[in-house]
Amino acid sequence: MADIDLLQIAKSLQVKTIGGIAQEKGQHWPPPPTISLRSSLVCQQNAPWINYEQTHSIVASSICTPASVADLVAVIRWAEVNQKRVHAFGSKWSFSDCAMTPDVMLDTGQLNNELNTVQSAFNGSQPSHVYHVQAGISIHQLYKNLDGLGLALETMGGASGQTLGGAISTGTHGGDLFTAPLADSVLAIHLVGAGGSQYWIEPTAAITDKSLLHQNVVPDIALENIIYDDDWFNAVLVSVGCMGIIYAVVLRVRSQYTLIETTSATTWQDFKQTEAQQLNDRTFRFLQVVVNPYTANTGTNFALVTTRREGDIAGLPNVTSPSDRVIHALLQLAGDLLTANPIDAVKVAAETFEQLLQSGNINDIFNSAGKVLVQLINNILSDAPELRAVVENDYSNFMAALWAPGTIGDVSYKVMDATRYRPAFGPIDVDSPNIDPTGGYSFEVSLPAQLTGGTPPIPYYVGFVDDLIKMVNNATGTFLLGYVAIRFMGQSRAFLGMQQWAQTCSVEVSALPGVNAELELLTNILDQIYYYPIDMLPLPHWGQFLDLNRQGYGNRYPYYNKWQQIYANLSNNFTVRTFENDLSNRWQLTFPPLFMNVDVQLLGRSGHQLTIQLAVTDTATGNPVDGAAVIIYDEDFQPPVQKSSGTTGTNGIVQLSYIECLDPETHTPVECSGRVRKERYQDVYFFTPK
Ligand SMILES: Cc1cc2nc3c(=O)[nH]c(=O)nc-3n(C[C@H](O)[C@H](O)[C@H](O)COP(=O)(O)OP(=O)(O)OC[C@H]3O[C@@H](n4cnc5c(N)ncnc54)[C@H](O)[C@@H]3O)c2cc1C
């Protein structure tokens with residue numbers, strides 16, 4: 001892959017400016033600005049890109065690594081004159097496609113420096129500790145920098161490999177019960193938007209003085225682009241890269257502190273009895289419940305409840321790696337498998353060993369531990385299914401090995417950053433590799449922690465977890481090789497933050513990939529959130545699996561319209577499409593939402609064969625929708641069985657014939673399900689006539 005310099009491209013085309021490149025190619029969208037080239041900016045052409053957890057890959061037409069705000073301006077303008085979209089990426093830790101574009105991807109990794117120039121523009125209302133920093137810094141580097149100054153983050157997620165810009169842009173959070181997520185520690189955003197225009201955006205209650213800011217800190221930002229406005233700030237804060245590139249932020253931080261963490265073994269059923277009290281207990285700042293989804297013979301689900309509070313940690317053990325305990329749990333599993341069925345246990349172990357030898361993974365056993373487990377489980381599922389129950393029984397042991405009951409105390413970041421300071425294998429406090437060798441699957445759903453529904457009323461999140469437990473236990477053809485973690489947090493001010501309620505509960509399901517039929521199970525669980533009542537729509541994490549089968553739209557968010565108003569301002573009323581990508585189109589973030597009407601009629605029946613006609617129209621105009629894809633399927637099967645499909649013609653009409661759906665138990669005719677999809681429109685689900 002050749003590294004190319006913009007100057008070289010220009011030279012090869014015998015032009016001197018980026019605008020000239022576009023003219024040379026006959027492209028005039030948007031009107032080519034004339035800018036000087038920057039030799040510091042290096043881009044790779046036709047560059048392969050893969051995210052950290054290996055769930056998405058793409059070949060981008062360019063991957064550029066800006067090292068300054070001027071580089072950002074130049075590359076955005078260069079992309080625009082070449083009619084290319086742009087998206088930033090940080091550490092590529094998102095499981096979703098939120099950072100991707102096939103056009104120009106910006107690696108923010110070099111924008112990782114402390115700035116701390118904002119101080120010369122304070123208006124007197126700033127908090128006691130602030131930190132002004134470029135947004136490509138990793139959370140790890142950020143809290144280390146702060147620690148060197150005796151400072152700390154107010155809150156963070158459970159890991160530190162993300163960049164600050166990436167973590168903010170997806171609403172990344174931990175489990176601090178009454179504290180809004182990290183994005184809400186941001187006090188000011190320095191954004192480079194479409195056309196390379198720069199903005200400085202703060203809430204209405206600002207911490208800087210406009211003229212001082214323009215004079216001393218950001219002379220390149222036009223005064224009218226220094227904006228003190230809550231709607232602007234709340235819209236740009238969490239925007240999955242769609243508003244532009246966040247070059248730098250000013251963070252509210254605090255003096256360094258220590259955390260005391262206590263974990264107790266209990267059951268999900270016991271936790272439910274006291275959950276309301278625990279959610280309101282202000283003696284703690286953090287609450288997490290990790291649940292074993294496999295129900296024991298007693299009818300209960302083992303759970304680990306972890307709380308944290310600030311305080312004196314003298315005499316307490318520090319955070320340590322759980323690797324000894326995990327190895328012990330693995331040995332116990334081996335023993336239990338041998339006791340249950342020695343012949344089959346030896347057989348699956350030998351199969352696994354042979355597959356490892358063939359794959360070459362045996363050379364790097366520590367990095368391959370996940371793959372070994374996946375292979376072993378698959379061999380059990382296919383060749384010794386009776387041993388699956390043994391693995392289920394040992395699940396709680398693994399949970400308790402990874403996150404041991406007891407009390408520990410340490411400096412704030414070591415307690416919060418579980419991935420770095422509690423690795424199951426390998427040394428502590430090392431940077432993650434560029435790509436997780438095992439890969440991973442993860443989705444997370446945010447629900448109101450305190451709102452209830454159903455009869456008798458129970459908290460929505462409790463209902464979701466109860467359903468999840470049932471689905472996992474019913475899926476006997478697979479095994480969830482991962483965890484279910486429930487965390488709680490305060491409300492975010494960000495319009496697209498997942499934390500939309502006074503207190504939000506997030507339910508996360510993460511698993512090692514590769515177990516037979518596991519992705520199907522995760523898909524079915526995630527699909528559930530798209531069936532909730534319209535007034536209580538759970539929100540999937542932007543940075544995790546969002547829409548494996550069904551999907552949602554931006555208007556799930558109560559302040560979607562306000563977010564779109566600001567987007568309209570930054571995109572010349574949706575006409576400048578620099579920062580749109582697949583996700584932003586799918587979720588109807590970067591264009592005004594479009595809806596379809598679907599009229600279904602039974603045309604005839606011949607024995608078990610039905611013929612129906614669909615007429616699809618645009619809801620707003622009443623015009624026929626050409627090219628809408630229609631699928632009829634039977635949802636009684638997992639995965640659903642496709643019965644028929646077709647596409648609407650220019651008159652918006654399609655006729656479909658299919659064999660009727662039958663109830664699997666009574667064999668009586670039932671409605672089939674149907675879905676209509678058309679790019680840019682919201683999907684429509686319907687039932688066919690019986
Ligand atoms: C091991 C692991 C642990 C995790 N733990 C947690 C957790 O505890 N809590 C939690 O909430 N999430 C967690 N996540 C999810 C993760 O925090 C998010 O996916 C986060 O967005 C990743 O940050 P990143 O720097 O890798 O960003 P990327 O994945 O590279 O990008 C994420 C989004 O941010 C945008 N973006 C990135 N930088 C910029 C910028 N400078 N300007 C504008 N847009 C930008 C991208 O375009 C994209 O839309 C975890 C993920 C992994 C893999």
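1. Helix 5 gives the shell around the ligand its largest share, four residues. Helices here are DSSP runs of H or I with at least four residues; strands are E runs of at least two, and both are numbered from the N terminus.

2. A word on the model. It is predicted: local features need pLDDT of at least 70, side-chain atom pairs count only at pLDDT 80 or more, and totals for chains, interfaces and linings use all residues. Residue numbers start from 1 along each chain as its sequence is written.

3. Back to the ligand. The shell holds 33 residues; Gly90, Gly165, Gly166, Gly241 and Gly543 are the closest. A residue is near a molecule if its C-beta atom, placed from the backbone, lies within 6 Å of it. Strand 4 (86-89), helix 5 (164-169) and strand 11 (245-252) each give at least two residues to this shell.

4. By class, the shell has 19 polar, twelve nonpolar and two charged residues. Ala, Val, Leu, Ile, Met, Phe, Trp, Tyr, Cys and Pro count as nonpolar; Asp, Glu, Lys and Arg count as charged; the others, Gly among them, count as polar.

5. Now look at Ile137. It sits in the loop between strand 6 (130-134) and helix 4 (139-148). Ile137 counts as buried because it has 25 C-beta neighbours inside 10 Å. The cut-offs are 20 or more other C-beta atoms within 10 Å for buried and 12 or fewer for exposed, with partly exposed in between; C-beta atoms are placed from the backbone.

6. Which residues does Ile137 contact, leaving aside its neighbours within four places in sequence? They are Asn112, Leu142, Thr163 and Leu164. Contact means C-beta atoms, placed from the backbone, within 7 Å. Leu164 is 27 residues from Ile137 along the chain, yet their C-alpha atoms are separated by 5.8 Å.

7. Eight strands form an open, antiparallel sheet in the order 16-13-15-14-20-21-17-22. Strand 16 (406-411) and strand 22 (539-540) are at the edges, each with a single partner strand, so one side of each has no neighbour in the sheet. Strands pair if DSSP finds at least two bridges between them. Strand 17 (441-448) and strand 22 pair over two bridges in the antiparallel sense. Val445 stands opposite Pro540 in strand 22.

8. Helix 12 (388-402) packs on the sheet and touches strand 13, strand 14 and strand 15. Its direction makes about 15° with that of strand 15. Axes are lines fitted to C-alpha atoms, for helices over the stretch in contact; angles run from 0 to 180 degrees between N-to-C directions.

Technical notes
Two residues are in contact if their C-beta atoms, placed from the backbone, lie within 7 Å.
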